[in-house]
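Hello,

Here is the structure I promised to pass on to you. Please open it alongside this message, and then read on for what turned up in it.

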Amino acid sequence: MGVSYPFFSAKIIIMKGNNISNFTKICLFFGAVALIVSLFVPLWRIDLDAPQYPEGLRLLIYPDEIGGDVEIINGLNHYIGMDTLHTEDFLEFTLLPYLIIFYALLIFSVIYIKKKKWLNVVFVLFLLFGIVAMVDFWRWEYNYGHNLDPNAAIIVPGMAYQPPLIGFKQLLNFGAYSIPDIGGWLFVSCGVILLFTVIYESKFYSQKFNKANSIVLLFGLGFLAAGCGPKGPVPIMLNKDACSYCIMPISDLRFGAEAITTKGRVYKFDDIHCLINYQNENTEVQFEAIWVCDFNSPNDFLKVDSAFFLKSEKFNSPMGGNTPAFHSLEKLREIANNDTAMPLKWNKLK
Amino acid sequence: MYYQQQQTKQLYAIVFVITLLSITSCKPKNVANAISGDAAAKVYVAPGSHDEFYNFVSGGFSGQMSVYGLPSGRLLRVIPVFSVDPEKGWGYSEETKPMLNTSHGFVPWDDLHHTELSQTKGEINGKWVFANANNTPRLARVDLKTFRTAEIIELPNSGGNHSSPFGTENSEYIVAGTRFSVPADGAGGDVPIGSYKENFKGHISFVSVDQNSGEMNIAFQLKTPGVNFDLARCGRAKSHGWFFFSCYNTEQANTLLEVNASQKDKDFIMAVNWKKAEEYIKAGKGQKMDVRYAHNKYDEATHTATSEIETEVLVLDVAELKDICYFIPCPKSPHGCDVDPTGEYIVGSGKLAALIPVFSFDKLQKAIADKAFDGEFEGIPIIKYEAALHGEVKKPGLGPLHTEFDGKGNAYTSFFVSSEVVKWNIKDLTVIDRAPTFYSVGHLCIPGGNTTKPTPKYLIAYNKITKDRYLPTGPELAQSAQLYDISGDKMQLILDFPTIGEPHYAQAALASIIENNGQIKIFKIEDNKHPYVTKSEDDSKVVREGNKIHVYMSSIRSHFSPDNIEGVRMGDEVYFHVTNLEQDWDVPHGFAIKGADNAELLIIPGETQTLKWVPDRIGIFPMYCTDFCSALHQEMQGYVRVSPAGSNVPLTFSLGKNSTTPK
């Protein structure tokens, strides 16, 4: 197959020429419509959770205004000296609707002009627009979180309140969770459509065109965005993180353990005893991976199936599990000061 | 080709949806608070069984004090204190109206923030519970033999009695520190508000309590720099003789305090050597000031309150009289100021601070002896922070407010902002446990948690925000308290219970201390010294004195005597003096008459209460018993005939016969 390749691909290029295909036109049409729809729905949202807000607070960023619980958030933020948010203070909310319309028209123009070159130009312009928008958003978040009134009632030294660009961050008693809203996703999908059509119309795609590749391409694009859940162990913050079972702060890492659910939620434990109890009492929780801290090097996590455990009263653990984990049998025997100590494996401990 | 495109599009759609789902799923969810299975058994008090503890809870802006049983969280009684209560006739009957008298006249409402059980040798003695009025500054004493307000004393030179009613370990004094500094009462008060720094002063009253009668008197006031006093605790055991007051607004701002009183890194805890103050008084150093304040006492023999206006108070200027007061710097607007059961540790809670400073009484004494001072604040030495500091609890939570103690070396501090209770060790200052509250806890209470011998079985969190904890009741929700079992190493949430008003501080005591304190069940009719008492039906009568008509009325199951009254004319004032002749437990009678512009009477066996009634029209007015007293309660009723002014209908009264020929 490799030998016949050049000939085969040359034929396709000739076939497609410089004009975009009808399939591309349909894709672009949907992309442009997505942009227009995004004018009427929130682009981004920041969800705030605090103990005393069981109902949650939500800040919505529309192309032309700030919405959601903005008045409540403004009221709360004055304690820590953050600026209040007002739509009219942002030039962006005046410009953005026109820019979005402009880009939608650009995409329509590609359909009308039909030239691949023009498609590529529009894609690059759109990409720049996206980057500039995100940089601008970040810059605003930075200023919002850092420009604090020096006369504020609550000043926590060294504390800034910059919301996350995307993802989760704890800001004092509020957990802030920032993600694109419908409009943002429409935007992203427009970008993905543009990228897809650019690749689809390119020589590269024509040369490698087969079904397997398009699957890889699509999933590749998908994973770019999906890579937010933790996959590896998350460090345990000593005295700050609480045990998910006994709710006590984790004060001794040596006996710590951690488990991540299939949904990516992280549970931390101060004792293997707590981990086992948690598992037994919450059988509906599916763990994707479980780690234990290495007794000898507590900042290192060991996969629970590969760890060597020793149950001994010599080791006084926080919740009485008294079962340290080691990365090797040798280390276990060395620390236990017992050349014949027999380790336990995880399946026996459970 | 077309088929392939279709597939590609489908694939695209699937990937897009997966992407969306996976991003939304990384949002961390709040850890749901697990209620363990034995919580129900722990709070269950079987029908007919009694609770283990009495809980005396401030009613906040209801102005009343509520009494709960713990662990059930059942409301047992609302004791009317500073606000009128038509249900009990409090503030409506002629006998109770004087209790709400002040130098401003009759004040029907106040804001009750804190409660304090009387103590002997640092332990709860079950005699009285004190309460503060936060708006029109007053102090009340509730007698635990009757669960009624027995005395209310107004506090001169004060504005907002918040730092109150905290007592010494033998209840020698109950203190009352002013929240608002104000110019002293009198003609000198007409000053520009902007002259706060020169003209506004804090006054802290030390109110003495007679150990037998309970009678309160303002022994002396300390005149202090103008700041806001917030809360206070007495020294106990080794630190007996001292009192500690938290204060904020040392910036001395008089406007926009939320910003202007939060500027300094440290405000103060004021340590007061009240034994020293007593010495100065003995040496004749105090200055008598002309003031006016009401002193109201309820007499159980006459069943009548009296209100006297007192005109003098002894004031000690702590800037001139040295060694009474010292300021200890305390981070960021201290709120709670709590002393542990040993009397050695003083816990300051800066409500805007991210740490809890713990001061040592021994170190404080040494710092004073060594003169380890850092200047003065309006003539009062400021002790060096480190010189008095035992240590700081680092990063305990956000917004520490109040601390209670278990007597086992642990402290429990409430955190408003992070909405949790944190248990920590006093000696080594380490955090041991934390439990979320729902939501934004203010005060905490452990039975005896402010005494030398706490009973650390439960901890109650009194929350400021309720939101979704109960069935919703429109925009106004029940207030919320939460009960934790603290008998183990870990706090365990076992009960939510709604409360009245806004609960601030509360105290609790073993039921046995209060149940067996000689509580009365009835008043003996032969001891009734009310001037208008009707000791038997034969004594019942109606007497005219000018336009005043006094009805000497008795009530017993199931009739009033008299129950037919004629000869009342327009322009008359009628006083129904109703005596409950019952001498059996739990047989109160009520009394109400149509058109009365005040309330009902609720009369306990052996008691006399008076309802004033000014008829507004001629006609027949029904009256009846409001408290279901017997099977024939509905028959317990009568009539009053009102005739025009100048009518010649004779004044007659009767029971069981038609006394007059119809006209």
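Ala271(B) counts as buried because it has 26 C-beta neighbours inside 10 Å, where 20 or more are enough for that label. Please keep in mind that this is a predicted model. You will find Ala271(B) in strand β16 of chain B, which covers residues 266-273. Which residues does Ala271(B) touch, if those up to four places away in sequence are not counted? They are Trp242(B), Phe244(B), Cys325(B), Tyr326(B), Ile328(B) and Leu364(B). Gly194(B), on the other hand, is 77 residues away along the chain, and its C-alpha atom is separated from that of Ala271(B) by 28 Å.

Strand β34 of chain B, residues 506-510, is mostly covered, with four of its five residues buried. Its pairing with strand β1 of chain B (residues 53-58) is antiparallel and runs over five bridges.

One has six strands in the order β41-β40-β43-β44-β38-β45, and its pairing is mixed. At its edges stand β41 (601-603) and β45 (652-654) of chain B; each has a single partner strand, so one side of each is left without a neighbour in the sheet. On average, neighbouring strands here are turned by 20° against each other, direction ignored. Within this sheet, β43 (residues 619-624) and β44 (residues 637-643) of chain B run antiparallel and are joined by six bridges. One of the bridge partners to look up is Gln637(B) in β44(B), which goes with Tyr624(B).

The other sheet has four strands, ordered β30-β31-β32-β33 in chain B, with antiparallel pairing. Which strands stand at its edges? These are β30 (441-445) and β33 (492-499) of chain B, and since each has a single partner strand, one side of each lacks a neighbour in the sheet. From one strand to the next, the twist averages 25°. Strands β31 (residues 458-463) and β32 (residues 479-485) of chain B pair in the antiparallel sense through five bridges, and Ala461(B) has Gln482(B) of β32(B) as its bridge partner.

Enjoy looking around, and write back whenever you like.

Best wishes

How values were computed: Residues are numbered from 1 along each chain as its sequence is written. Chains are lettered from A and ligands numbered from 1 in the order in which they are written. This is a predicted model: local features need pLDDT of at least 70, side-chain atom pairs count only at pLDDT 80 or more; totals for chains, interfaces and linings use all residues. A residue is buried if 20 or more other C-beta atoms lie within 10 Å of its own, exposed if 12 or fewer, and partly exposed in between; C-beta atoms are placed from the backbone. Helices (H or I, at least four residues) and strands (E, at least two) are DSSP runs, numbered from the N terminus. Two strands pair if DSSP finds at least two bridges between them. Axes are lines fitted to C-alpha atoms, for helices over the stretch in contact, and angles run from 0 to 180 degrees between N-to-C directions. Two residues are in contact if their C-beta atoms, placed from the backbone, lie within 7 Å.
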